[in-house]
Amino acid sequence: MGCGASTGTTGLAPGARSGYAPLGTKPASNFDFADIAKTWHALAKAEDFVKHGTKVNILPERRTGWKTVRIFVSSTFKDFNAEREVLVKEVFPDLRVWCQERRLHLVECDLRWGVPKNTSNELVLRTCLEEIDRCVKENTMPYFINMLSERVGWVVKDGDVPSNLLDHYRLFYGLSVTEMEIVHAAYKRINPNSIFMLRDTSFLQTMPTEHAKRFLDDSDDQAKHHQQKMTVLKGKIQERFPAERVLVYSAEYVGPDEKGKPRLKVSDTFKERVEDFFKERISEQYPMSALKEQTTDKYQLAHDAQEAFMKNKSEIVLGRDALVDQIIQYVAEGERDVPLLVLGEPGSGKSSVMARVADIIEDKAKLGEIKGGGGQQWHIFYHFVGAVPGSTDAEPMIHRLLKELGVITDDSQLPKDLESASQLCFSILSNTSTKPVVILIDALNQMDDDDPALNMLFVPPKLSPNVRCVFSMIPGTPQHKALMKRESQPKELPVQPLDMKAREEIVQTFFSTYNKQLDPSQFNLLMNKPSTNNPLWLSIALEELRVHGDFFTVTEKIKSLKEELPGLLSQVLERFEREAGGNLLIATLCMIEVSKGGLLESELLILLSDEENLMPPSSGAEKGARDAPEKRSAAQKGAARGQLSYFKWASVYRVLRPFLRPYGQSGEGRLDFYHRTLSKAIRQKYFNGQSEEGCDTNTKKLYRWWHSKLADFFLGLDNIERKEEELPFHLIELGDTNRLEKVLLDWAMFDRLYREDWSAQLHTYWRQVGDTDRMKTLYLEALHNMENSPDFDEARLALRYEKVARVLSQVGFFEEPKALAEKAMAMEETLLGKRPERMARLYNLMAKVWDEGVIKKYEFMYRSQLPDLNTCIEWYAKAIDAIKPLAVNSKELKSKWASDMSRITFHLSGWSLRGGNTQRSAQAALTDGKEYIKAAQQVFEELNDIGMLAETTMTEGLLCQSAVPEQLKLYEKAKTMCYQVYGEKCILASRIMTNTGIHYEELRDYLKAYDCFKKQAYLCVEIYGPKHPMTVRSMNTIREPMYRRIGAQLGDPPPPPAE
């Protein structure tokens, strides 16, 4: 029976008192229930009985949000333990993921245990029937699976339960509880959402007699009658339901378990048919087409995924009302110029609290219940780090915020790297004109280890009145420390341990979802464990109890639960090993743990297929990462043989799924651990309890073995995107600079890491190999080899010349990138037809080579620099002329064209300040500069790029004669536009401040100059950090003796000493 209690039976009741009038026949007490056929005949006369042969349809349900799907499991108790294990540990977990992709919550109603001792018969039966009612309420027709074999189970007799209960459900004494479940959930209404699985009884022939008794009814004197009863029941089901929904499956006796109880192995047909059936039925009732049409906008998709996680996580948040109210009050009750930090240890429930806050505050925004905002509706932005693919990367998170706020409307306008995105975000969040927004970010400490994210450079110290921020994190993490070092410290709100009332509520609510209960002694035993004050510990413990297969040993299971999260997780891992293939699971955990950012499911299937080389050697003969070449070859060949069977993988993934970051459909994202606590438990269990940094020699060998396994795998991988993400990391961990060098010389890898303005990651990796001279030498050799290759291709080689030239120029080389640029130019002019767009890019390259390699190295201005400056200007002029006709129909090229005109204007102003020469006078340079800057401004006005208009206005100011009022007016105008778009704290604002300071310095108004330089210096500290070259130069200015004296006279603290 569905509720899991099995009291045995002594036969059918002789009759019953029943005043059930709607039946349309005599009261139930007048029936001879020994006549089984009469029972079914009476049921068929009920007014809610659907006539046989009626086609019952369930109309598709249109919906815009999430919906709950409940599946009721019906069978006798002790003889279907194997099938219920398959359902709860295999079928339902798979279905749950499938449902989530369709915005459906799956709840299985598996009542195999949870009925406390001494529970009345009435409550047992009422629980089963009410649970079916709950399924009806949720889904119109219950999703229902019944399993039958030989046992009838408890037959309800007169006196077992009150007659009014049966009257209410139009049922009769003499029916077994399993029959009542079938009748109420499926039989009367020909429920199309029901499936019946009949187990072939041939397995009994191979089973010892003492074990076979478990699969038969207990009462020998009623055995014949029960056999007849079961025969009739099966016949009625087969008569009323189509054959494809009444299936016979096989089971095999495989011997006793460790407690001497018989074990069955259920055929794969059972799992496959049940899963396919429910997918088919759920799809028909809740089709994907009934949901709103999906967008292809990746930022909208990210928002939708975050919303789904938020709704799911906020559904049940118990014992945290006071904390939620405090956060809501902080957000909704007025201006807050600093963020609120929600601080809690791992597993303390921060994510659930943040999700509930997001859900509530979104409703409040719609109702206009958030104060401030100047009459505008507040936008709610929430981001749960680690919840969905890519969510640990700060750059796309900031991009999504900028798009949701309407700051960016076209993807081509998005900042090109994390630093630029952080600076723009910093500016927007400090800008008083920013659209009212509440920003909620959960688990900030799980962001990728990028400097802007670690140091919170995207969040200004003082928020705009229209911006309110709430961040959750673990205390003491880099993000927390960075925020608390600020002069204006954020407000901190600690997450306290759960009190007893909250714990009790969580336990009761959890088990009521599955219609289970702990008896009072079990409940008290669990509540007396101190670790129940940690929500994560408690949720893991409850899930361990829910999937525990033996009702009679629940008490022992509670006693065995270890205190503290790592200990409990270690127990969970041990269970996983038993249930999911041992070494396959261990290898999966270890490889995910040592990976840089998780592994794709498709990658794990290949890695795990080499089962002969799956684990490190068990003896002391490990050779660490530097295995012999033949061993690496063998490992790679093992991976190449194919994939691990999906059946084996499914058992591993199924048990790990609750601890992995949600990732959508199979293979759509990297599998990684959602809670860092699991990572700690894995290190404790499989890496001698030590982190990779500072571990002992033997443990280091373990880490190196796994890094080597992944490095070997990614070396042979064709997916260059994944190779770029993982391979250099593992080679660096191994200290394998030889292979790292070869990887960086692979042109496919070079192209992945190349950035036109600054190839940051490429340069970082080369620093691991050696100095920049080594990089230069090897790339020049690679180009030489390409020139002499039989596969020589002029166009490809010319492009290589350009990219290597830009990379070398970025780190200060001049002669070599200049020579490469000249080669590329010559090839384009003589062999490749002088293609206009390529010529434009090559002219720009030559200008950049001179700009980066020569002009930017000058600390002071001298007339002797004019020849070099003239060369740079001429190359920019050629680039401008070449790109102009191409920019007509391209916003991107038009923006590049205008940017080049802004840059040439800057150099023309420098030409004028150096006094000019006979080739180009100072005045002619100013005249040309004004024409260029005017054209650039027209382009940016057309593109509605206010930020670049601000920059060109500042550049226009540079063209003015020094210290004239017009120059200051242009700087003020540029500042106004800059603040309008970016706010006061941005790179452009610092440049405007510098130029304004120079203006006052030339007027000899050193007090105002000092004020500008001081603001600019400390602005650089906020934007760039204290060690950035721009910050160092700015600080050096206010360290000059004159400005030190002015600062001391004003009572300003002295600038920090130079490092």
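Student: How many aromatic pairs does the count come to?

Tutor: Before counting, please keep in mind that this is a predicted model, in which local features need pLDDT of at least 70 and side-chain atom pairs count only at pLDDT 80 or more, while totals for chains, interfaces and linings use all residues. Residues are numbered from 1 along each chain as its sequence is written, and side-chain values use heavy atoms, with hydrogens and water left out.

Rings of Phe, Tyr and Trp (for Trp, its six-membered ring) pair if their centres lie within 6.5 Å, and planes under 30 degrees apart count as stacked, over 60 as edge-to-face and the rest as tilted. By this rule the count comes to 25 aromatic pairs. One of them joins Trp766 and Tyr779, whose ring centres are 5.3 Å apart and whose planes stand at 70°, so this pair is edge-to-face. Because Trp766 belongs to helix α30 (residues 760-769) and Tyr779 to helix α31 (residues 772-787), the pair ties together parts that are 13 residues apart in sequence; helices here are DSSP runs (H or I, at least four residues) and strands likewise (E, at least two), numbered from the N terminus.

Trp766 counts as buried at 2% relative accessibility, and Tyr779, with a relative accessible area of 1%, is buried too, where buried means under 20% relative accessible area, exposed over 50% and partly exposed in between (1.4 Å probe, protein chains only). Ring pairs also link Trp766 and Tyr779 with Trp747, Phe750 and Tyr754 into a cluster.

Rings can have a charge over them as well, which is counted if NZ of Lys or CZ of Arg is within 6 Å of the ring centre and within 35 degrees of the ring normal. Arg199 lies over the face of Phe80, 4.1 Å from the ring centre, and the charged end of Arg336 sits over the ring of Tyr330, at 4.6 Å from its centre.
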